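Visitor: Please show me the structure, and then let us go through the terms used to describe it and what each of them rests on.

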Amino acid sequence: MPSPLLADTPGETLLLLGNEAIVRGAVEGGVGFVSCYPGTPSSEVPDTFFRLSSEGDYHFEYSTNEKVALEVGAGAAIAGLPALVTMKHVGVNVAADPLLTLAYITAPGGLVLLSADDPGCHSSQNEQDNRHYARLAGLPCFEPSTAQECKDMARDALHLATRTGQPVLLRTTTRVNHVRGPVRLGKLPQVKPSRPFSRDLQRFVPIPAHSRVQHVKLLDRLAAIRLEAEGSPWNKVSGSGGLGVIASGVSRCYLHDALIEEGLEGAVKVLELGFTYPLPDGLITNFVQGLEKLLILEELEPLVEEHVRALLQREGVSLTVLGKNGTLPCHGEYSTDMVRQALRHALGRQARTSDHCPPDMDLAVRPPNLCAGCSHRAAFYTVREVFGDDAVYSSDIGCYTLGLLPPLSAADFLLCMGASISAGSGFARASGKTTVAFIGDSTFFHSGITGLINAFHNKHDILTIILDNRTTAMTGHQPHPGVEHTSIGPNERIVEIEPLVRACGVEQVQTLSPFNHKAAKKALTEMKALPGTRVIIFRAPCVIHDRRVSGKGKPQTAVVSKTTEGCLDVLSALACPAFLKEGGQVRVDEELCSGCMFCPQLDKSFTAKKRGA
Amino acid sequence: MQRGRIFLTGVGGQGTLTATKLVSLTALDEGLPVVSGEIHGMAQRGGVVESTVLIGYLSPRITHGEADVVLGFELLETLRALCYLKPGGHVVANSEALPPLSVAVGKVPYPDLDEVRDKALSVASKVLFLPARTLAEQAGAAQSANTVLLGAACAAKALPFGMEALERSVRKYLKPTLTEVNLKALALGAKAAHG
């Protein structure tokens, strides 16, 4: 039986995650090619395509980074296949170079770029608003707000892209990617759209003489697409009254619920924008006729607001506009409560007060911690043992970023994917301090390797530690070029890291397991004494991924024979979640202990025993 | 429940998200307009897991003072989530603890049950604590503590459907090997609610 996501069962209703609904929508839209770099909150989209790849009629790949993903997808769409390329918001920065020129040369097969934004920084280093990219590149933009819309807009975005050749932005936010709601399925296409490539140098090869022409054509295409936005069912007016509200993205949900809670259903005139770029100027101009006040609801930047203000000025309409200038912030997420307050403010009603109990900030917290048996913990412990507080630690994006907290304290600064080696190089040269860069295996393939080539070429004095846990652990164990196993089988084409490092020119390279404490300490001590660009590859599989792939855990666990001073030191220096302290006695929770057997190497109060014995 | 908001909170590995999905699927099968939300990302094992189920709303988000029901799968997290409860709302929670690392290494105290109960009573109209993990072990598997809590919540009328609907979902959506244990877990939870 095929997966319900791929079955041709129109009319059936499934409870889907927003990201699963996007998969279904793309399939309904005739997608033939999917590429990605994983990243929360986008990851379930490619992971679902990957899981279903044996039964689906599409090509799928995890690419090495977002730029590569977009370029591969663009090539496929130039060749004529409808393509979906997925990434998180900061990934679009990586992919921005091909993106801006693809908008000139077009993708005749149709290309949709999913940008999963993260207002509130639930799992990201910033909360940039990627609706800017729609404007910067010239991409029509859809912003779903429910699981059903994720499905329907993914389909419609792909149709628009296929029809016009213009790449289309499907912009979601964390709440929408991770909403779960009913989705009524549509039909699957009987015939897949395909537009075989035909040579057209002026269109596809953007030398300056061609680009100047293509830019004008891009503007013409956008003008035509704006007319589609004017009549799109995704931009709709409802209700009536002196107060008008324009809402886009997930704010439409908050508005819907706030109107119910305030007893204002139908009593406010609402323009919902789902097809949000190019903005439908005619529709907006008509909408504001006769209004006394206009409230604009959009998370993050005031893009719709500023556009509407300029439009009102151009049309000679005098109207009070409320938005980011009033009570609503340019940061974080909106909520139903926030929209209720904004509506009350706009209507001159008193602000709501609530007598719910205040959050208790003094409670014990549960900061994200490296798992019991995580190879990164062993690596950080020994690095700190050798380098201590004198060295500066340049970190990168991955599980190992969690090493920032004491006692491991293994991150002093962090920029973005792949930056640890290059930013560390600059820091080392400017400060003259011993600098250690940490980078994961997937991140090294993503964009760390260029920093390493640069470090060698420019004679930077830096020790790079590649934390090779054989998977992309942070985002859900997606494969990358260096892995042995993926969730659906072995990787037949492995790219080894050490030869790659040597090929970059680096001569001081060692590969070893961080769980061998004595050897790791010796290697680090040797490298500490050397100048220049050096690399240690700490290689040990992610404990979670290993257990999942092999189907079994390790045969041993650690036990504490007697709580000694040394035992307490290990407890506070490792902060392993399997350790417990009860009434002054240290204990290892056998269920949580992964059996990495690192702690027995640090103090003899820890010993090994057979699991369950 | 024509409209309502349920806030679920627990610790990674407790089955909070499985329970959330089961409640949502049951609501959908009962023809209710359901939406549910969960935030992934930095929540590793042992981290806080918060999720929501809403009936009759579009937004999956619940902010402070909005939840009609708080379902707490862990005692400390129940205390932390009380700020989400609407005054007069309903708390159904596990009375048993899973201490975080800072407590485990002896640095920070852990609240006791009476303290959490008192605080809950100061804002809720109905409060029910039960030893979900112990009852789950009685049912046959500690992992069914999430189902014990759902059974109790359903019996205490904190969910938008009856026990029969929940039993149907356990049969329909859980692995066949887990059905019997989880049906027992539902029953033990319900019994604890009727006290």
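Guide: Helix 1 of chain B and helix 7 of chain B are roughly perpendicular to each other. This is a predicted model, in which local features need pLDDT of at least 70 and side-chain atom pairs count only at pLDDT 80 or more, while totals for chains, interfaces and linings use all residues. Residues are numbered from 1 along each chain as its sequence is written, and chains are lettered from A and ligands numbered from 1 in the order in which they are written.

Visitor: Why are helix 1 of chain B and helix 7 of chain B called roughly perpendicular?

Guide: Helix 1 (residues 16–29) and helix 7 (residues 163–173) of chain B pack at an angle of about 110°, with their axes 9 Å apart. Angles of 65 to 115 degrees count as roughly perpendicular, under 35 as roughly parallel, over 145 as roughly antiparallel and the rest as oblique, so the pair is roughly perpendicular. The contact (C-beta atoms, placed from the backbone, within 7 Å) is made by B:Leu22, B:Leu25, B:Thr26 and B:Asp29 of helix 1 and by B:Ala165, B:Leu166, B:Ser169 and B:Tyr173 of helix 7 of chain B.

Visitor: What makes B:Leu188 a buried residue?

Guide: B:Leu188, found in helix 8 (residues 176–194) of chain B, has 23 other C-beta atoms within 10 Å. A residue is buried if 20 or more other C-beta atoms lie within 10 Å of its own, exposed if 12 or fewer, and partly exposed in between, and B:Leu188 is therefore buried. Not counting residues up to four places away in sequence, B:Leu188 touches B:Leu135, B:Gln138, B:Ala139, B:Val148 and B:Gly151; B:Leu188 and B:Leu135 are 53 residues apart in sequence and 6.5 Å apart in space, C-alpha to C-alpha.

Visitor: Why is helix 2 of chain A called mostly covered?

Guide: In helix 2 (residues 44–51) of chain A, 7 of its 8 residues are buried, among them A:Val45, A:Phe49 and A:Phe50.

How values were computed:
Axes fitted to C-alpha atoms, helices over the stretch in contact; angles between N-to-C directions. Helix = DSSP H or I, 4+ residues; strand = E, 2+ residues; numbered from the N terminus. Contact = placed C-beta atoms within 7 Å.
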